Amino acid sequence: MSAGIVSYGAYIPRYRIDVGEIARVWGADGEARSKSLAVYSKSVPGPDEDTATIAIEAARNALRRVNIDPKDIGAVFVGSESHPYVVKPTASIVAEAIGATPYLTAADYEFACKAGTTAIQTCMAMVKSGMIKYGLAIGADTSQGAPGDPLEYTASAGGAAYIIGKEGVIARINHTVSYTTDTPDFWRREGQKYPSHGGRFTGEPAYFKHIINCTKHLMESVGTKPSDYNYAVFHQPNGKFPMRVAKILGFTKEQITTGLLTPYIGNTYSGAVPLGLAAVLDVAKPGDRIIAVSFGSGAGSDAFDITVEDEIENYPRHMGPSVMELVENYKMVDYAIYAKFRRKIHLGV
Amino acid sequence: MAIPRFWRHIGSRYNLVGTKCKVCGKVYFPPRDVCPVCHRKSLGSMERVKLSGSGKIYSYTVIHTPQKDFEMQTPYVMAIVELDEGPRVTAQIVDCDPSEVHIGMRVRAVLRRIGEDGEGGIIYYGYKFVPERTSAKGAQGHLSVK
């Protein structure tokens, strides 16, 4: 029996900042910025939120929807590029906060924006091999762009959690493949507060090359074509890239709209594809086919071919907040409050 | 805060684990070894229970002059929350404006950062409460698709 998604949960912090407000501070044309990125606002974590608290909320939302003993979760992996500690795992905090400790394995993953989907792959392998009954894979981030850097318009916060298992599967993961090369398009060196990137180099040789090759490889492996899928979720560093990559690959706008959240919440990095997939699962029906392809700078892509099972009809989605509920529960803040919340202001004490 | 002191309370702080007296049924938080009602009859009958995290605001105050580490959150709300199981806990109310808070307001527990030992020290996580929103419309409003 193959592995699949037993439950999922999402979390998006409540605060938002408008792209136009960020542009105002840096003397840029807000409307032009917003249009060129296809992003209107981005989520901002509260002053007491970080990747661990976001991961925990997402994991608890996943557990609210399913009746499983947390002690049956044999592995917790948290993918993020903004772990609260450089040394000391986020995963052990999450495991403690959901009551899964102590008999489990846990670790943090880092692969820019794709660490969360890699965590799903590891859980699939451990479940399929019989090492564990359930695995918890989370992608969560509170990403930061340097003040004034183009990244600041999109770098946001959010996450989603997936419980992977063999029993009570609501969406079967038929197949997964990856595509990885050494491509230095985006990085953050040890001790640096903000990441650096290669500007336009993050496009063609990085995002597009990896997503296109990985998606094609997956469809060749399982013998599918774009029209076989009801929904497609591509990594979404902005609103434009996923729309363009979908067009290049032959997917329609209708296929990607449900899972495209960046225009409203920005780029949640490791949370991006997991959240997009969660938005699709919020509305998916039995038999629906989903393709989800992540991208992490550095660089690599993970692609998943998923079929929604009949079990989703019995699955109490309403026990946790839907992605759209989280998107729509928001409070706008100005740049000053944003700078305070994101610790861009240093107190003189 | 000393690391062992925080570590010892992780179970309670992360998951609201309290105790229930199996003699009289009363629930306590933080955990107690002896029931103050049943005294020695309760010895050996105090059971660990995970509380639901749902409750209502019993009383609250708005802090305008913050203590250290809370400068970024001023003004913030501290409340006594009466949990559905009975115990009352003191905690911060977050993700809402102080003007929205009222006695009797339904809240639910979340895990947040409650402090840290400077930039290089341990980060302390613990429970805070957020409003129990029955619908997303309780927030600023719906995003219109532009």
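The second largest pocket holds about 1500 Å³ of space. A pocket here is an open set of points on a 1 Å grid over the protein atoms alone, where a 1.4 Å probe fits and protein lies on both sides within 12 Å along at least five of seven lines; lining residues have an atom within 4 Å of a point. Its volume is the space filled by probe spheres set on the points, which are joined across faces, edges and corners. Of the 50 lining residues, Glu57(A), Arg60(A), Asn61(A), Arg64(A) and Arg108(B) are the closest to the centre.

This is a predicted model, in which local features need pLDDT of at least 70 and side-chain atom pairs count only at pLDDT 80 or more, while totals for chains, interfaces and linings use all residues. Residues are numbered from 1 along each chain as its sequence is written, chains are lettered from A and ligands numbered from 1 in the order in which they are written, and side-chain values use heavy atoms, leaving out hydrogens and water.

H3(A) gives the most, with five residues. By type, the lining has 21 nonpolar residues, 15 polar and 14 charged. Here Ala, Val, Leu, Ile, Met, Phe, Trp, Tyr, Cys and Pro count as nonpolar, Asp, Glu, Lys and Arg as charged, and the others, Gly among them, as polar.

Now to the sheet in chain A. Nine strands form an open sheet with mixed pairing, in the order E5-E4-E6-E7-E1-E8-E13-E12-E11. Its edge strands, E5 (105-109) and E11 (231-234) of chain A, each pair on one side only; strands pair if DSSP finds at least two bridges between them. Further in, E1 (4-11) and E7 (157-165) of chain A pair in the antiparallel sense over seven bridges, and Ser7(A) stands opposite Ile163(A) in E7(A).

Chain B averages a pLDDT of 90, and 91% of the residues score at least 70; pLDDT is the predictor's confidence in each residue, from 0 to 100. For the complex, the predictor gives an ipTM of 0.93 and a pTM of 0.96.

How values were computed:
Helix = DSSP H or I, 4+ residues; strand = E, 2+ residues; numbered from the N terminus.
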